[in-house]
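User: Hi, I'm new to this one and would like a walk through it. Could you show it to me before we start?

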Amino acid sequence: MKVVGGSASVPLAKAIAFELSTNIVDVAFEKHTGGFPDGERYVRLLGSVAGDHVVLVQTTHPDLMIVEFLLLADAIRDAGARRLTAVVPYFGYGRQDKRFLEGEAVSAKTIGKHVAVDANELLTMTIHNPDILKTFPIPAQDIDGIPALGRYLKSADVDLLLAPDSNAIRFAKTASAICGKPYDHLEKERIDSYTVKITPKKLDVRGKSVAIVDDVISTGGTIATAARELRSQGARRVIAACVHGLFVGKANVNLKVCDEVIATDTVQSAHTKVSVAPEFAVAIRAL
Ligand code: R5P
């Protein structure tokens, strides 16, 4: 087995290769220093994969990383790989999982269809709606990334875990089982892609350190609204913890209300503090 990492996921690919005690095949992402002037992607495998089972690790966010995934998968096949396992740690476009209005693309299905062109199977993590994976043309599994957050929170200064909405209760519950801290939840109403409203609810947070646990932080609006509510109820410390830290737009400004922000390496950022490599290694070994 060999591991190849796309440029969105090189540190995670290396961590997975380490967990599996296998080799990484390096990739050149630029033909000339600075890349192509028009911003198009370039990939070149710098080692052999002929006859190998290759694990390609690449998050499909932002959009150019989808192109890079396709180029790498095709190059790996052309180079004679025997089997290709696609590991898409954060499945970009996963949230458009149905046709809400006539004529819309079911974007998650579209990306899945194209990932399947060269891959034998797909592993992804904490996808918005795991049911969408059943519509993909190849076997596809959702791996739970929350245990990685639970591991981190176990040794952090945290008294209580909090789900920002009822959908996130399952995340707080899983993390709670691993780190041994209790959990509660708030109620959120999404107004639009940028605005959320949190219904105030009396929580026992006075003087406590609270970690808000969610699958994704995008604009940081959900977490910031929840964090303000916790502060107004006397929380001593507020931590934001997510599997996928996208941190788009003014997220870092919005998140200033938090004392600490924790994300995994499904999307590499300044807030990446814990790796999901052990979770993927277990799933790859079980294939
Ligand atoms: C919503 O369903 C998700 O669980 C997250 O709460 C949401 O994606 C976070 O987005 P934002 O950071 O933009 O509020």
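Predicted model: local features only at pLDDT ≥ 70, side-chain atom pairs only at ≥ 80, totals over all residues.

User: OK, which residues come nearest to the ligand?

Analyst: There are 13 residues around the ligand, and those that come nearest are Asp214, Asp215, Ser218, Thr219 and Thr222; a residue is near a molecule if one of its heavy atoms lies within 4 Å of it.

User: And what polar side-chain atom lies 2.6 Å from an oxygen atom of the ligand?

Analyst: That atom belongs to Asp214, and Arg95 also has a polar side-chain atom facing a ligand oxygen, at 3.2 Å. With Ser218 it is a backbone N or O atom that lies 2.8 Å from an oxygen atom of the ligand. The protein covers 92% of the 380 Å² of accessible area that the ligand has on its own, where accessible areas come from the Shrake-Rupley method with a 1.4 Å probe and, for residues, only the protein chains shown count as cover.

User: Which elements give two or more residues to that shell?

Analyst: They are strand 11 (187–190), strand 13 (209–217) and helix 6 (221–232), and strand 13 gives the most, with 4 residues. Helices (H or I, at least four residues) and strands (E, at least two) are DSSP runs, numbered from the N terminus.

User: How do the shell residues divide into nonpolar, polar and charged?

Analyst: The shell has 2 nonpolar, 6 polar and 5 charged residues. Here Ala, Val, Leu, Ile, Met, Phe, Trp, Tyr, Cys and Pro count as nonpolar, Asp, Glu, Lys and Arg as charged, and the others, Gly among them, as polar.

User: Changing topic, is Gln58 buried or exposed?

Analyst: Gln58 counts as buried because its relative accessibility is 0%; buried means under 20% relative accessible area, exposed over 50%, and partly exposed in between (1.4 Å probe, protein chains only). Gln58 sits in the loop between strand 5 (53–57) and helix 2 (64–78).

User: What does its side chain reach?

Analyst: The side chain of Gln58 reaches the backbone oxygen of Met65 at 3.2 Å, and it also makes a polar contact with the side chain of Glu68 at 3.0 Å. A polar contact is a pair of N or O atoms within 3.5 Å; within protein, one must be able to donate a hydrogen and the other to accept it, and residues adjacent in sequence count only if both atoms are side-chain atoms.

User: Which peptide bond is cis, with omega near -10°?

Analyst: It is the bond from His61 to Pro62, and Pro62 is found in the loop between strand 5 and helix 2.

User: What about the phi of Tyr93 and Phe247?

Analyst: Although neither is a glycine, Tyr93 has a positive phi of about 80° and Phe247 has a positive phi of about 50°. Tyr93 is in the loop between strand 6 (83–88) and helix 3 (107–115) and is partly exposed, with a relative accessible area of 38%. Phe247 lies in the loop between strand 14 (237–245) and helix 7 (251–254) and is buried, with a relative accessible area of 12%.

Key:
Residues numbered from 1 in each chain as written. Heavy atoms only, no water.
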